[in-house]
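This report describes one protein chain for a reader who has not seen it before. The sequence and the structure come first, and the description follows.

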Amino acid sequence: MAQTSYPCENCKLRAAYEKNPKSLKGRFWRWHINFCPGFKAYFTHQDEETKLDLRKKYNFQKYQ
């Protein structure tokens, strides 16, 4: 089965968040992932260990 690629993996806003979470772009990205259908698809298709890592890294509580 082919692995699906998601734009979230290479998102410039996500990179801005990882570089400086308090920047305007970083804060916008963090706010945006709460309702972004693309991030939801990306997140829900990860294995449980990766989901846990993403939850901790981004303080993300949705899609439990």
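## Terms and model

A residue counts as buried when its relative accessible area is under 20%, as exposed when that area is over 50%, and as partly exposed in between. The model is predicted.

By this cut-off Trp 29 is buried, because its relative accessible area is 3%. Tyr 17 is buried as well, with a relative accessibility of 13%.

## Overall fold

The protein has 4 helices and 0 strands. Read from the N terminus, the order of its elements is α-α-α-α. The radius of gyration is 12 Å, close to the 11 Å that the globule rule gives for 64 residues, so the protein is as compact as a globular protein of that length. The C-alpha trace spans about 40 × 20 × 20 Å along the principal axes.

Of the 64 residues in the protein, 31% are buried. When contacts between residues at least 6 apart in sequence are taken, 44% of them join residues at least 24 apart.

## Surface and charge

The protein has an accessible surface of about 5000 Å², and carbon and sulfur atoms account for 55% of this surface.

There are 13 positive and 6 negative side chains in the protein. The centres of these two sets are 12 Å apart.

## Aromatic pairs

A pair of aromatic rings is described by the distance of the centres and the angle of the planes. A search of the whole structure gives 13 aromatic pairs. One of them joins Tyr 17 and Trp 29, whose ring centres are 5.3 Å apart and whose planes are at 45 degrees, a tilted arrangement. This pair links distant parts of the chain: Tyr 17 belongs to helix α1 (residues 12-19) and Trp 29 to helix α2 (residues 24-32), with the two residues 12 apart.

Phe 39 and Tyr 42 also form a pair; their planes are at 50 degrees and their ring centres 5.8 Å apart, so this pair is tilted. Both residues lie in helix α3 (residues 37-44), and because they are 3 residues apart there, about one helical turn separates them. Phe 39 and Tyr 42 are both buried. Ring pairs join Tyr 6, Tyr 17, Trp 29, Phe 39, Tyr 42, Phe 43, Tyr 58, Phe 60 and Tyr 63 into a cluster.

## Arg 14

Arg 14 is part of helix α1. Is this residue buried or exposed? Its relative accessible area is 9%, so Arg 14 is buried.

With neighbours within four places in sequence left aside, the residues in contact with Arg 14 are Cys 8, Glu 9, Trp 29, Tyr 42, Leu 54 and Tyr 58. Among these contacts, Trp 29, Tyr 42 and Tyr 58 are also members of the aromatic cluster.

## Phe 28

Phe 28 lies in helix α2. Phe 28 has a relative accessible area of 40% and is therefore partly exposed. Its C-alpha atom is separated by 15 Å from that of Gly 38, which is 10 residues away along the chain.

## Asn 59

Most residues other than glycine have a negative phi. Asn 59 is not a glycine, yet its phi is positive, at about 50 degrees. Asn 59 sits in the segment after α4 (48-58). With a relative accessible area of 55%, Asn 59 is exposed.

Definitions and conventions
Residues numbered from 1 in each chain as written. Predicted model: local features only at pLDDT ≥ 70, side-chain atom pairs only at ≥ 80, totals over all residues. Heavy atoms only, no water. Phe/Tyr/Trp six-rings, centres within 6.5 Å; stacked < 30°, edge-to-face > 60°. Buried < 20%, exposed > 50% of the residue type's maximum accessible area, 1.4 Å probe, protein only. Rg over C-alpha atoms; globule rule 2.2 N^0.38 Å. Contact = heavy atoms within 4.5 Å. Areas by Shrake-Rupley, 256 points an atom, 1.4 Å probe, with all protein chains shown as cover. Lys, Arg positive; Asp, Glu negative; His and termini not counted. Charge placed at Lys NZ, Arg CZ, Asp CG, Glu CD.
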